[in-house]
Amino acid sequence: MDDRLTILQVIYSFQMGGSERMASTIVSGIDRSRFRPLVCGLNGDGPLTELLRKEDIPCFILNRRVGKDWSLPRQIYRILRDQRVDVVQTHHLGQFLYTVGPARLLGIPVIHTEHEYYTFLQRSRLQWIARWVLPLVWKTVVVGEDVGRFLVDRIGIAPKKLEIIHQGIEMPKSGSAEITAVRTELGLNSSVGPVIGHVARLTAAKDQDVLLRAFARVHESLPAARLVMVGDGELRDRLVGLAADLGLGESVRFVGFRSDVQRLLPAFDLFVLSSHEEGLPISLLEAMAAGRPAVATSVGCIPDLLRNGAAGVLVPPHSPEELADAILNLLSDSSARAAYAQAGRREVEARFSLKKMLQCYEALYREAVGSRRRLRP
């Protein structure tokens, strides 16, 4: 008999977005002698499936129809029942809405995770929905203090039902990457100038249009500079076309999805994020842990992560001119790059430990199961 607690993560899809990467980090890292992890993606397959199955983590791929798909609750109910799930964790409100009914019918506690709040700001109707449904959650987890403040102040979540658990990452070993080999693999020969790295899904929220326009200005001053864009998404073709229209040619490398991001990061001289909507970006955490100085937009949890400019350069969103100026200023100042790199790595070590995050979730899962058992007649 398997006495482990079965924990189901419900995510948007098996593509590699931020919340999906967080869920995969949890299921890959929790103690497999005590927990049995499962993952369910509502919107189809993706590269994450293969990575998880290599770790013997069962994946349930649902194919949500366009619009409201009322078949999903029935499918989720069968997974919860057949897999004898003890705790279900949902990521973002859409996944919660499809999961909460089946979970409550089966008496399974729900832990809901919100990774950002900008979606609520854009769609006021979601705030109304959240006020009605989030009280059904056993516990709401947020990835940063600003998300927690929003849910308490604007949605009305009771502070006692809120838990802040920062995303945790594993600190890379210093000097473990072969920078020359990685640059050669990416087509960056020895004559290339500074290399700017960007890791994100190619989606509207990440505002890569702004990044490409900023890099065009950088390229005018530094023709040998190169931009490496790691990630894939629905905007890839349009962004490739924009890079061509801007005359950037081979100066921009679109390398697509990579499962070895931490290996690539040390090969960058600078890491840049241009998002106008953000939660707590895992790629920025990983860049800081790898000792890469960062330039990022002042949105979501980023100002707190960069300690309001002490651990990296902050710029306003939607401004390619200011982003370009920040990149050029930092590339021209090696001492500032070194200082930001050291401060960023210290920040991640102090606040975003993978071990601490996993311990918090394991304790939360055990507490949730304990509350379920206490409520049984």
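This is a predicted model: local features need pLDDT of at least 70, side-chain atom pairs count only at pLDDT 80 or more; totals for chains, interfaces and linings use all residues.
Local features need pLDDT of at least 70, side-chain atom pairs count only at pLDDT 80 or more, and totals for chains, interfaces and linings use all residues. Residues are numbered from 1 along each chain as its sequence is written, and side-chain values use heavy atoms, leaving out hydrogens and water.

Start with helix H9 (residues 208-221) and helix H10 (residues 236-245). Helices here are DSSP runs of H or I, at least four residues long, numbered from the N terminus. The axes of H9 and H10 come within 10 Å and cross at roughly 20°. Axes are lines fitted to C-alpha atoms over the stretch in contact, and angles run from 0 to 180 degrees between N-to-C directions. H9 and H10 are therefore roughly parallel, a term for angles under 35 degrees.

Gln 208, Asp 209, Leu 212 and Arg 213 in H9 meet Arg 238, Leu 239, Leu 242 and Ala 243 in H10. Contact means heavy atoms within 4.5 Å.

Now look at charge. Arg 238 and Asp 209 form a salt bridge, 2.8 Å from N to O. That term means a side-chain nitrogen of Lys or Arg within 4 Å of a carboxyl oxygen of Asp or Glu. Arg 238 is in H10 and Asp 209 in H9, 29 residues apart. Asp 209 is buried, at 18% relative accessibility. Buried means under 20% relative accessible area, exposed over 50%, partly exposed in between (1.4 Å probe, protein chains only). Arg 238 is partly exposed, at 45%.

The whole structure holds 17 salt bridges. Another joins Arg 263 to Glu 185, with the closest N and O atoms 2.7 Å apart.

How values were computed:
Helices (H or I, at least four residues) and strands (E, at least two) are DSSP runs, numbered from the N terminus. Angles under 35 degrees count as roughly parallel, over 145 as roughly antiparallel, 65 to 115 as roughly perpendicular and the rest as oblique.
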